[in-house]
Amino acid sequence: MKRIALFPGSFDPFTKGHHDIVFRGLSIFDEIIIALGNNSAKNRYFDLEMMKSKIEGLYIDQSQVKVIIYNELTANLARKLNANFLLRGLRNTTDFEYENSIAQVNKSINGDLESVFLITSPEYAAISSSIIREVHKYQGDVSHLLPYSLD
Ligand code: ADP
């Protein structure tokens with residue numbers, strides 16, 4: 001059976017840390033679907049379609065990586081896409097606390113879904129989308145934190 005992993009997130013923006021998780025995930029899974037959550041309750045900072053095409057551009061030569069936008073329960077989406085694995089990154093204990101509760105809920109909704117966590121590479125552990133948004137808002141340079149160019 002094909003090992004398909006869903007990598008869900010806000011990716012507002014998609015960072016070098018996320019890119020590292022996908023890249024490393026490729027040695028474990030046959031296919032990785034990066035799913036950008038279109039959560040209407042959360043106001044995005046970076047445009048969703050723009051972010052989707054930036055991510056697609058990164059993996060143009062990797063046919064095992066797909067990028068989609070979604071607006072539903074992650075666990076249900078995984079079932080629909082035949083993805084038996086949820087890929088997530090872990091930076092620190094705060095991530096762990098949060099990921100632990102999401103993983104329990106997801107498992108209760110979709111019993112076939114196994115969450116798989118990759119520990120962040122140390123060089124990317126301090127990168128967070130929220131800090132990038134803050135720096136960008138005040139015209140700071142964030143280019144070294146992103147795996148693509150914003151312009
Ligand atoms: P969410 O809003 O669902 O937390 P994010 O886009 O912030 O979505 O993150 C998606 C996933 O990537 C999460 O599992 C998060 O822990 C992980 N992640 C975020 N930043 C990094 C990083 N610098 N290195 C590795 N993983 C990360």
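My entries on the salt bridges follow.

I am working on a predicted model, where local features need pLDDT of at least 70, side-chain atom pairs count only at pLDDT 80 or more, and totals for chains, interfaces and linings use all residues. Residues are numbered from 1 along each chain as its sequence is written, and side-chain values use heavy atoms, with hydrogens and water left out.

**Count.** I searched the whole structure and got 9 salt bridges (a side-chain nitrogen of Lys or Arg within 4 Å of a carboxyl oxygen of Asp or Glu).

**Arg 44 and Asp 12.** I find their closest N and O atoms 3.6 Å apart, in a salt bridge. Arg 44 sits in the loop between β2 (31–37) and α2 (48–58), and Asp 12 in the loop between β1 (4–9) and α1 (16–25), so the pair ties together parts 32 residues apart in sequence. I take helices (H or I, at least four residues) and strands (E, at least two) as DSSP runs, numbered from the N terminus. Asp 12 is buried at 6% relative accessible area; Arg 44 is partly exposed at 25%. My cut-offs: buried is under 20% relative accessible area, exposed over 50%, partly exposed in between (1.4 Å probe, protein chains only).

**Arg 88 and Glu 99.** I read 2.8 Å between the closest N and O atoms of this salt bridge. Arg 88 is in strand β4 (residues 85–90) and Glu 99 in helix α4 (residues 93–109), so the pair ties together parts 11 residues apart in sequence. Arg 88 is buried at 17%, and Glu 99 is buried at 5%.
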